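The following exercises are each paired with a worked solution. Please examine the structure before reading the solutions.

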Amino acid sequence: MSLRLVSSRPVSVHGAARSRLLWSAGTLSSQQQRAFTLLSGVSQPQHPKHRQLLNNYTAIIGSRSMGIHTSVASRSPWPTGPVDTNATIAVETRADPTLPGQTLTLFQKVKGFISFYKGGLKELVSNIKAASKIKDRLAAGSPVSRDELQIHRRTPADKLRLVPFGFLVVVIPELIPLTIFLFPGVCPSTCVTYGQVAKMAAKSDATRMSLHARAVARIEGLGLAPAAFADAKSLADMAQDGRGGIFDVDSLVRDDLQLVCRFLGLGKIGLVNSEAQLRARLTAHLEYIRTDDQLLLAEQAVDCLGLTELYRACQERAIPSSGRSGEQLRASLRAWTEMTRDLPVLPIVWSRLALFNQPI
């Protein structure tokens with residue numbers, strides 16, 4: 001459930017629930033509490049943001065026992081500083097049949113997939129309308145929320161997938177799961193299920209594990225100790241001194257550029273990519289991560305990301321996700337964002353290359 005709440009503000013709910021929600025305390029049954037834990041990855045909602053999420057969850061789904069996929073889009077943008085308490089958030093609830101802890105018949109799964117994909121297409125259409133306005137505001141230097149940043153980043157590629165995927169939904173919806181299994185790139189980000197994200201994370205983590213061995217050999221070849229990358233102060237000193245020439249994008253040789261780009265999952269890296277292309281691609285991704293980290297910190301959003309969005313955020317930073325619980329992923333992402341307060345992103349990426357399976 002990718003629901004993120006920034007303040008105790010009124011919420012406008014569209015789709016399955018259209019009533020206006022107020023932030024009042026709610027009581028969940030044991031079944032609902034288990035569902036909330038499975039959806040959010042939070043076992044004990046002690047954090048104030050968890051309580052907001054819990055209250056909203058109660059108001060939205062009531063006694064539903066099926067997983068909920070929630071998309072949040074800001075209707076009134078707010079800065080990363082003071083929050084406008086009169087702003088509203090549009091919340092659309094969609095059931096995700098791949099969330100863990102569900103017992104569904106084949107018919108329920110097929111019906112759930114069709115409903116999920118149709119809802120995803122509606123969300124994509126809304127995102128396309130919002131993307132142009134967000135682009136104009138970014139060009140004007142106006143602040144945006146993290147949700148809006150994600151819409152701005154994902155929608156251009158999603159637009160290219162809209163027509164072929166929309167055709168599948170309308171004409172042969174029963175074959176969509178098989179089609180996505182064979183051709184995962186055809187699916188827009190708004191239609192990606194938790195199950196797909198988890199499978200892609202497992203595949204990416206396996207690739208990164210092999211790159212980790214290469215990185216350790218490279219680091220040791222430069223006369224550096226991989227263990228030193230675990231300490232933030234030591235890492236900061238190495239980055240400041242420019243040791244080995246690996247902590248600055250402009251200083252990276254081609255082999256290091258390819259290694260870091262592959263580790264971060266920046267598309268297919270081949271011989272046809274020039275150093276300039278690799279450098280530009282890496283620079284753009286590192287700048288995006290820096291901006292995203294600042295928004296996560298400013299909005300205190302790490303504790304409120306749902307499992308699907310949590311997996312995505314960790315994978316964008318090459319944080320291992322396969323086999324980790326929601327709470328473990330949340331702790332890793334929180335530690336990452338805290339490190340970027342004082343360090344550039346590239347040295348932290350090298351720390352992950354050196355210590356891939358160790359906690360941040």
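**Exercise 1.** Where in helix 4 does a kink lie?

*Solution.* The model is predicted, with local features needing pLDDT of at least 70, side-chain atom pairs counting only at pLDDT 80 or more, and totals for chains, interfaces and linings using all residues. Residues are numbered from 1 along each chain as its sequence is written, and side-chain values use heavy atoms, leaving out hydrogens and water.

Begin with the element: helices are DSSP runs (H or I, at least four residues), numbered from the N terminus. Helix 4 covers residues 146-171. Next, take the bend at a residue, the angle between axes fitted to the seven residues ending there and the seven starting there. The kink, of about 45°, is at Leu162, shortly before the proline Pro164.

**Exercise 2.** Determine whether Thr155 is buried or exposed, and identify its contacts beyond four places in sequence.

*Solution.* First, locate Thr155 in helix 4. Second, apply the cut-offs: buried is under 20% relative accessible area, exposed over 50%, and partly exposed in between (1.4 Å probe, protein chains only). Thr155 has 2% relative accessibility and therefore counts as buried. Third, search for contacts (heavy atoms within 4.5 Å). Apart from neighbours within four places in sequence, Thr155 is in contact with Asn127, Ile128 and Ala131.

**Exercise 3.** Which residues does Tyr117 touch, not counting those up to four places away in sequence?

*Solution.* Applying that exclusion, Tyr117 touches Phe165, Val169, Ile176, Ile180, Cys191, Thr193 and Gln196.

**Exercise 4.** Which residue follows helix 7, and what is its phi?

*Solution.* Helix 7 spans residues 232-241. Gly242 comes after helix 7, and its phi is positive, near 70°.

Definitions and conventions. A polar contact is a pair of N or O atoms within 3.5 Å; within protein, one must be able to donate a hydrogen and the other to accept it, and residues adjacent in sequence count only if both atoms are side-chain atoms. Helices (H or I, at least four residues) and strands (E, at least two) are DSSP runs, numbered from the N terminus. The expected span of a helix is 1.5 Å times one less than its number of residues.
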